[in-house]
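Morning, everyone. Please bring up the structure on your screens, and we'll walk through it piece by piece.

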Amino acid sequence: MEPVLELRGITKRFPGVLANDQIDLTLNEGEIHALLGENGAGKTTLMNILYGLYQPDEGEVIVRGKKVEIHDPGDAIAEGIGMVHQHFMLIPVFTVTENVMLGEESLHTGNFLDRATASQRITKISQQFHLEVDPDVYVQDIAVGVQQRVEIIKLLYRNADILIFDEPTAVLTPQEADELFKIMHSLTEQGKSIIFITHKLREVLDVADRISVLRRWKMVGTTTPKKASKSKLAEMMVGREVKLGVEKNPPKVGDAVLNVNDLVVLNDRKQVAVDGISIEVHAGEILGIAGVQGNGQTELVESITGLRPPQEGTIHFLEDEITQATPREITELGAAHVPEDRQRDGLILPFPVADNLVLNTYYLPPFTQGVIMQQEAIVESAVERINEFDIRTPSPQTPAGSLSGGNQQKLIVAREFSRPIKLLIASQPTRGLDVGSIEFIHGRILEKRDEGVAVLLVSPELDEIMALSDRIAVMYRGKIVDTMPGGKATKEQIGLLMAGIEQDQEAAPKK
Amino acid sequence: MSEKQEPKKKGASEILLEEINGKSSGGSSSRRKLGQTLAIPVLAIFSGLVLGAIIIAVTSEGVYTAWAQSPLAAFGAAWEEVRIAYTALFTGSIGDPARIIAALQSGDSLEIRRAFNPFLESLVASTPYIFGSLAVALGFRAGLFNIGVEGQLFIGAIFAAFVGYSITGLPAIIHIPLAILAGALGGAIWGFIPGWLKVKTGGHEVINTIMLNFIAFRISDWLLSGPMRRPDSFNPVSPTIQESAMLPRFFESPIRFHLGFFLALVAAWLVYWLLFRTKWGFDLRSVGANPNAARYAGMSILGTTVLAMSLSGALAGLAGTNEVLGLNHNLAMAFSSGYGFDSIALALLGKSHPLGVVLAALLFGTLRNGATRMMVVAQVPIDIITVLQALILVFIAAPAIIRTIYRLREPEAEEEGVTIRGWGGD
């Protein structure tokens, strides 16, 4: 059978860098083809070429046996290629129908929008593919998983039959992810073809029909879930053997380092986001906070780190009360914070790597003497950090913004871990990172814990929480719904708690 | 970044890193980067001059008269018109090369000074621009859009003038610094207010500085029509400042070149030093580049904002002070012809870097100074310079135009430069 999409010898160069090197890829009709690779391996570049955002320097794109040139996303849609982005492109105050209609001129009768027809078609598409989306609700009122389905409808509405999913499970609960996989299968059963970009090995093995792995801008090979295993895929991605499981020593738990009592924190919209939480983190242990994003974890971490003064309750760090302390006071007491959004909070992207490495110690000797910053000392220490944490950068003077995501994260970890600390607050420390970087950062976190640092780990990635935590607290709608020892918890159990379902209410959870 | 000092010796590891990445950070790449940085402004100025020439030709009656004879004659007339205008612009702002050479050969010192006077006048005209655009640039670096330079300039001038004429019997070595400090203080107060309002109430500095401009203009008008008016005059002019407060001039009249120009250069150096060498500058640039990360890193957004607005105001105040102490020797109603507003454009042109800002200010001072002669000799209205300046700025502000015309490559990475956050800000 003729493949529905074929990429032949795609090469893309950026000034000074090769981003794609002679990549071949075929997508058959009705298959889910997973594209696996580390960050910076060239997945995104390849998909952007397919989506018309970049033009390849060499190679050709063949859609249904016909060579095509795709100059912009409009051309891509015309060829039936659509992309579900990692970050949704939806307008919250519009209804589903209105969001789907955006930019679709055919829906206008004269100057008026023909909502009724559109709404009917959406209902039809929704039924056909079991998407269960109500066309008349506002996007801001529906769950993230449903919003993603709206994105899918947008593509189906435009008659796309080659769908690209870019890291689609990053924002979903395990249950929502399973729902998505069902939808993906129902799409392929009805003749759609899917390219599934991810770095999660488990998903690939569960869902994909074929798996292609990119490493360092080249196609390493294509395999199938039957022939592959997690460790084999990881090896293909990284180019060496990778420890997938985390080896942990038993924790040597000491005294309480962080003590949070009945904390109430408001979010930006002045709604209660953290609703009376009490937690205790001890020296030498990792407390993992699991939960779907947006359940108050961000606000909890911000109030502990001094970025968001709490409404009620107290926070103690060893003997000191830090409820109203400033970020600098808390840092100086010996707390480190790996922020959730590295580009928003953790780095000043236009500044050099060296400056970013001293972002919270720049005013202290040896980096500043009197009021004068000591460029030499800063660069010298940067070179040490760069080596120790294996930050891949052309020089300490390179702007942090031009590093890859993994290296940006290593930069933050290098900065936060190389001070003497007693408390580590790590918020999504491996968000969007590849297997190699995750292994590295997990190792460093465990190292700190073994040194006796109290670690508060917040992550929506269940695998991460389960691999690292000595205790797991599940957060749902601003409350800790349950706390359990790390070793005993099961994925299903936590997943249900994350979704707000009490175990005794649902006697027999469906699988 | 060119302004960062390179480490004295490269560590072995660094060399290794460079090899791993197959790239060297030094030498040719930084030279190429400098070229990229300069290409846009230089080409923008060139394009502005070309378009200006077209406008001169199109608005000239002589060209239309010639058109009646033949298109070729019209072309010749246009060429002649533009040649005369731009020659006058050059001799009016830099000097007449023939005259300079003749003067140097004659050895007559008076003649030499006169020959160089257009150039020195350009420096005099550039000086308030330097102060003003440093003020705007400092604000930009901290993520603040100070549109209030004009108002701060007036308040600074009022303070400087008052100290200049009201205090008597001081030696110049004390009186001059005192008057300068007063001028800086006046501007600083007028910059502090919107900074403080932003921090305390969230009031946007763009709105508040514009409003404070109006208040400053009216305060100045009121003072000059009453409390500060020269007793023996019906004009709205303050008393002449004491001779001990006047900035020294380097040559005899009519050459007005005075100390202010060098003070402006010192100010530029100080701003550079503050921004790129001190921890305060690091705070300021961090808050400007990413306030979230600055807060995360424990910097005080509030303190930095107020400090940056006050310093920016102080520099603006110095622009007014310079005119009072160095040039006019009194405070007159509406003495500033929009220096504060032009400075916004200059800070953009100079990419908010003190060196760039000084070069931009010199360019505009020179154009403005030469425009007078162009009007006299070539009968080209002085407004054409305003159009020329506007064109240059449009090209700077929309570099994509220049890149398209001259087929330049996109810059590889977002460079550190001007940062103005949008209205919805932070």
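Start with strand β1 of chain A, residues 5-14. Strand β1(A) pairs with β2(A) in the antiparallel sense, over seven bridges. Take one bridge as an example: A:Arg13 has A:Leu18 in β2(A) as its partner. Keep in mind that this is a predicted model.

Next, a second sheet in chain A. This open sheet has six strands, in the order β18-β21-β22-β15-β23-β24. Its pairing is mixed. The edge strands are β18 (335-338) and β24 (479-485) of chain A, and each pairs on one side only. Here the twist averages 15 degrees from one strand to the next.

Look inside that sheet. Strands β15 (residues 286-290) and β23 (residues 471-476) of chain A pair in the parallel sense, with four bridges. In one of them, A:Leu287 has A:Arg471 of β23(A) as its partner. Helix α9 of chain A, residues 297-304, packs on the sheet. α9(A) touches β15, β21, β22 and β23 of chain A, and its direction makes about 150 degrees with that of β21(A). Then there is helix α17 of chain A, residues 491-498. α17(A) lies across β15, β23 and β24 of chain A, and runs at about 30 degrees to β23(A).

A quick stop at a hairpin. Strands β11 (residues 210-215) and β12 (residues 218-223) of chain A pair in the antiparallel sense over five bridges. A:Val213 has A:Gly221 in β12(A) as its bridge partner. Two residues lie between the strands, and A:Arg216 takes a positive phi near 45 degrees.

On to helix pairs. Two packed helices are described by the angle between their axes and the distance between the axes. The crossing is right-handed. On the α5(A) side, A:Gly145, A:Gln148 and A:Arg149 make the contact. They meet A:Glu176, A:Glu179, A:Leu180 and A:Ile183 in α6(A). By class, that contact has two nonpolar, two polar and three charged residues.

Now switch to chain B. How do the axes of α4(B) and α15(B) cross? The axes of α4 (residues 71-93) and α15 (residues 354-378) of chain B come within 7 Å and cross at roughly 130 degrees. That angle makes α4(B) oblique to α15(B). This crossing, too, is right-handed. Residues in contact include B:Ile84, B:Leu89 and B:Phe90 in α4(B), and B:Leu367, B:Met374 and B:Val377 in α15(B). The contact divides into 10 nonpolar residues, seven polar and one charged.

Last, confidence. In chain A the mean pLDDT is 88, and 95% of the residues reach 70 or more. Over residues 505-511 of chain A, though, the pLDDT is below 50. That stretch has four contacts in the model beyond near neighbours in sequence. Where pLDDT is low, the predicted coordinates should not be read in detail.

Terms used: Residues numbered from 1 in each chain as written. Chains lettered and ligands numbered in written order. Predicted model: local features only at pLDDT ≥ 70, side-chain atom pairs only at ≥ 80, totals over all residues. Pairing = 2+ DSSP bridges. pLDDT = per-residue confidence, 0-100. Contact = placed C-beta atoms within 7 Å. Left-handed = near helix turned anticlockwise from the far one by under 90°. Nonpolar A, V, L, I, M, F, W, Y, C, P; charged D, E, K, R; others polar. Axes fitted to C-alpha atoms, helices over the stretch in contact; angles between N-to-C directions. Parallel < 35°, antiparallel > 145°, perpendicular 65-115°, else oblique.
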